[in-house]
Each structure stands twice: as structure tokens, then as C-alpha cells.
Amino acid sequence: MREGLAAVMQKQRHRLEVAQAHLRGRRTRLKNMEMAIAGLEAESREVLAVTQLWEQRWREAAERGGLGLEHPAWTEPRAQLAAWQDQLRELRHELMAKYCQAQREEIEAAAEVGGMAARLQRLEDALARLRLRHRGRVHAYQEEQAMHALALRRWAERRHRLP
């Protein structure tokens with residue numbers, strides 16, 4: 001019976017370890033996604049800064065009599081910068097959707113690990129109580145056997161003393 005209980009406990013501990021490893025993987029995935037989102041946001045800020053600087057310099061040149069805002073030298077690079085900015089927004093939007101899903105999965109995995117840990121702890125506590133109760137019963141049985149042995153010894157001594 002002890003082997004069976006030990007096997008059950010070992011199996012439960014193994015399942016908990018697997019679930020914890022799964023949770024660590026989910027958390028690592030979240031951190032990687034957070035870094036990717038931060039990278040996209042930084043790149044987007046850089047593109048915005050480049051766009052603003054480029055527009056400012058173009059306007060300054062246009063004010064000094066350079067090419068106007070309708071010229072292809074203005075519209076083509078401006079369109080490329082806008083497309084780059086749109087592409088970054090789309091990537092961020094897609095990544096945020098995946099990130100939200102990953103967060104939900106991480107929350108579910110954390111709840112599962114918490115539940116498994118609580119069940120394992122309750123099982124270990126119940127097993128400890130059973131072991132303690134068993135030790136008490138064994139001790140009581142041993143005391144009873146010792147009392148019977150003492151009574152038997154005294155009876156044997158009295159019997160040998162009687163003529």
C-alpha cells in the first residue's frame with residue numbers, strides 16, 4: 001500500500017513539475033513578445049522622428065524656393081515613410097493580439113499550476129495525518145502487547161512460585 005501511495009504522490013509531483021515547466025515556457029514567451037512589442041514601438045518612434053525631421057527640412061527647402069509638396073521627390077519618400085509606419089502599426093496590432101492570447105494562456109496555466117499545487121499539498125497533508133494516526137495505532141498496539149507480555153510473565157512467575 002505504501003508503494004502505491006508513493007507512486008501516486010510521485011506521479012502528482014511529476015505532473016506538477018511538468019505544469020510548472022509549461023508555465024515557465026509561457027512566461028518566457030510573454031517576455032519575448034513584450035520585448036518584440038517594445039522593439040516595434042521603438043522603431044515606430046524612430047520612423048516618426050525621421051519623418052518629422054524629413055518633413056521639416058523639406059518644408060524649409062520649399063520655403064527657400066525649392067521643390068513644392070506636389071513634387072515626386074516629396075511624395076515618393078513620404079509615401080514610403082507612411083507605408084513603413086503603417087506596416088509597423090499592423091505588425092504591432094498582430095503581435096498585440098497574439099500577446100493578449102498568450103496572456104490568457106499564461107493566466108490559465110498559472111491557475112492550473114496553483115490548483116495542482118494546492119491539491120498536492122492537501123494530499124500530502126492527508127497522508128501525513130494518516131501516517132500520524134497509523135503511528136499512534138502502532139504505538140498503542142505495541143503498548144498493549146507489552147502489557148500482555150508483562151502480565152504473562154507475572155503469571156508465569158507466580159505459577160513457578162506456588163508449590
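The structure is a predicted model, in which local features need pLDDT of at least 70 and side-chain atom pairs count only at pLDDT 80 or more, while totals for chains, interfaces and linings use all residues. Residues are numbered from 1 along each chain as its sequence is written, and side-chain values use heavy atoms, with hydrogens and water left out.

The protein contains two helices and zero strands. These elements are DSSP runs, numbered from the N terminus, with helices (H or I) having at least four residues and strands (E) at least two. The C-alpha trace spans about 145 × 20 × 15 Å along the principal axes of the protein. The radius of gyration is 38 Å, whereas a compact globule of 163 residues would have a value near 15 Å. The radius is taken over C-alpha atoms, and the globule rule is 2.2 Å times the number of residues to the power 0.38.

Of the 163 residues in the protein, 15% are buried. Among the contacts with a separation of 6 or more, 83% are made by residues 24 or more positions apart; a contact means heavy atoms within 4.5 Å.

The protein carries 30 positive and 23 negative side chains, and 18 Å separates the centres of the two sets. In this count Lys and Arg are positive and Asp and Glu negative, with His and the chain ends not counted. Each charge is placed at NZ of Lys, CZ of Arg, CG of Asp or CD of Glu.

A salt bridge is a side-chain nitrogen of Lys or Arg within 4 Å of a carboxyl oxygen of Asp or Glu. The count by this rule is seven salt bridges. In one of them, glutamate 124 meets arginine 13 at 3.2 Å, N to O. Glutamate 124 belongs to helix H2 (residues 72-161) and arginine 13 to helix H1 (residues 2-63), so this pair ties together parts that are 111 residues apart in sequence. Arginine 13 is partly exposed, with a relative accessible area of 33%.

Glutamate 106 and arginine 27 also form a salt bridge through their side chains, at 2.8 Å from N to O. This pair links distant parts of the chain, with glutamate 106 in helix H2 and arginine 27 in helix H1, 79 residues apart. Glutamate 106 is buried, at a relative accessible area of 13%, whereas arginine 27 is partly exposed, at 41%.

A salt bridge joins the side chains of arginine 29 and glutamate 105, with an N to O distance of 3.2 Å. Here too distant parts of the chain are linked: arginine 29 is in helix H1 and glutamate 105 in helix H2, 76 residues apart. Arginine 29 is partly exposed, with a relative accessible area of 36%. Salt bridges connect Arg26, Arg29 and Glu105 in a network.

Several other residues were examined individually. Isoleucine 37 is placed in helix H1 and is buried, at 7% relative accessibility. Residues up to four places away in sequence not counted, isoleucine 37 touches Arg92, Leu95, Met96 and Tyr99. Isoleucine 37 and tyrosine 99 are 62 residues apart in sequence, and their C-alpha atoms are 9.0 Å apart in space. Alanine 42 is likewise found in helix H1, but at 26% relative accessibility alanine 42 counts as partly exposed. Between alanine 42 and leucine 120 the separation is 78 residues in sequence and 45 Å in space, C-alpha to C-alpha.

Threonine 51 lies in helix H1 and is buried, its relative accessible area being 8%. With neighbours within four places in sequence left aside, threonine 51 is in contact with Arg78 and Leu81. Glutamine 85 is located in helix H2 and is buried, with a relative accessible area of 10%. Apart from neighbours within four places in sequence, the contacts of glutamine 85 are with Ser44, Val47 and Leu48.

Definitions and conventions. Buried means under 20% relative accessible area, exposed over 50%, partly exposed in between (1.4 Å probe, protein chains only).
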